[in-house]
Each structure stands twice: as C-alpha cells, then as structure tokens.
Amino acid sequence: MSDRELTIRATAMPTDLNPYGGVFGGWLMAQMALGAGSLASRVGQGKAVVVHATDFTFPAAMAVGDELSVYCAVIATGRTSLTITAEGIGRERNGEAEVSVSKGTFKFVLLDDDDRPRAVSQNGDMV
C-alpha cells in the first residue's frame with residue numbers, strides 16, 4: 001500500500017488466540033477496523049461509522065506475543081463516504097522479522113450531530 005499510515009499497534013495476548021493456538025482472525029479484523037476508523041474520523045473530522053467491510057485475507061499467521069501494526073490508506077472518497085484499506089503487519093516478539101498477516105477494505109459513512117450522513121468536500125473539509 002503506498003501512502004499508507006500507521007494507525008494502531010497492539011500485542012497479541014493469550015485471550016486473542018483461536019482454539020488452534022494462532023491469533024484469531026476476528027481479532028485481526030477488529031484491530032484493522034479500529035485503525036481504519038481512526039483514520040476515517042481524522043480525515044472526516046468527526047463521527048465515521050463502518051457500513052461495509054470486505055476483501056479480507058490472512059496470508060500469514062501470528063503467535064501470542066507478536067506485535068501487530070495496522071497501516072491504513074484512503075483509497076476512495078464518495079459524497080458522504082470514505083473507503084479505506086487496512087493491512088496488518090505482524091512482527092515477531094523477539095526479533096525484527098515482519099510479515100503481512102491480514103488485509104481488508106472498509107467503507108465508512110460520515111455522520112453529523114444528528115447521526116445523518118454528511119458530505120465530504122473535495123479537499124477533505126466538510127461541506
């Protein structure tokens with residue numbers, strides 16, 4: 001992903017594991033959603049809620065204690081929405097080796113104070 005931004009870091013803990021001992025894909029998806037939501041709120045300068053999530057892949061596994069870094073980028077802007085890609089990069093606990101462990105796409109709608117969709121201007125300011 002070019003022009004991506006580090007939006008969140010987290011360490012996988014024992015409660016984040018699936019029954020097979022690997023990091024649960026749902027935990028990875030949640031971390032990516034948190035990172036993408038943070039970027040959507042900053043870019044949109046206010047409330048942004050996820051309305052669609054798609055294209056999830058999990059090309060590699062993480063172990064307990066590994067660090068997850070979530071990188072996000074806005075790839076499309078609609079009238080009231082932002083589409084953001086997220087990629088999770090796992091770093092081994094006791095070293096520097098990194099691998100892509102998750103990818104996905106999220107669509108957020110910007111909301112006003114009455115929870116109604118609000119427009120995104122071309123330069124990123126709200127209309």
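Mentor: Helices and strands here are DSSP runs, numbered from the N terminus: a helix is H or I over at least four residues, and a strand is E over at least two. This is a predicted model, in which local features need pLDDT of at least 70 and side-chain atom pairs count only at pLDDT 80 or more, while totals for chains, interfaces and linings use all residues. Residues are numbered from 1 along each chain as its sequence is written, and side-chain values use heavy atoms, with hydrogens and water left out.

Two strands pair if DSSP finds at least two bridges between them. Strand 1 runs antiparallel to strand 3 (residues 67-77), joined to it by 6 bridges, and there I8 has V70 as its bridge partner. Strand 4 and strand 5 are linked by 11 antiparallel bridges, with L82 partnered by F108 of strand 5. These two strands make a hairpin that has 6 residues between them. Strand 5 also pairs with strand 2, again antiparallel, through 7 bridges; A53 is bridged to F106 there.

Strand 2 holds a backbone detail too. Most residues other than glycine have a negative phi. D55, which lies in strand 2, has a phi near 60°, a positive value in a non-glycine residue. Its relative accessibility is 53%, so D55 counts as exposed (exposed is over 50%, buried is under 20%, and partly exposed is in between, using a 1.4 Å probe and protein chains only). D115, in the segment after strand 5, likewise has a positive phi near 60°, but at 44% relative accessibility D115 counts as partly exposed.

What lies across the sheet? The largest nonpolar core has 22 residues, and W27, L28, M62, L68, C72, I84 and F108 touch the most other members. Such a core is a set of buried Ala, Val, Leu, Ile, Met, Phe, Trp, Tyr and Cys residues joined through side-chain atoms within 4.5 Å. Helix 1, strand 3, strand 4 and strand 5 each give it two or more residues, and helix 1 supplies the largest share, 6 residues. Setting aside neighbours within four places in sequence, L28 is in contact (heavy atoms within 4.5 Å) with V23, F58, M62, L68, V101 and S102.

One last stop is T80, in the loop between strand 3 and strand 4. With residues up to four places away in sequence not counted, T80 touches F108, V109, L110, P117, R118, A119 and V120. T80 counts as buried because its relative accessibility is 15%.
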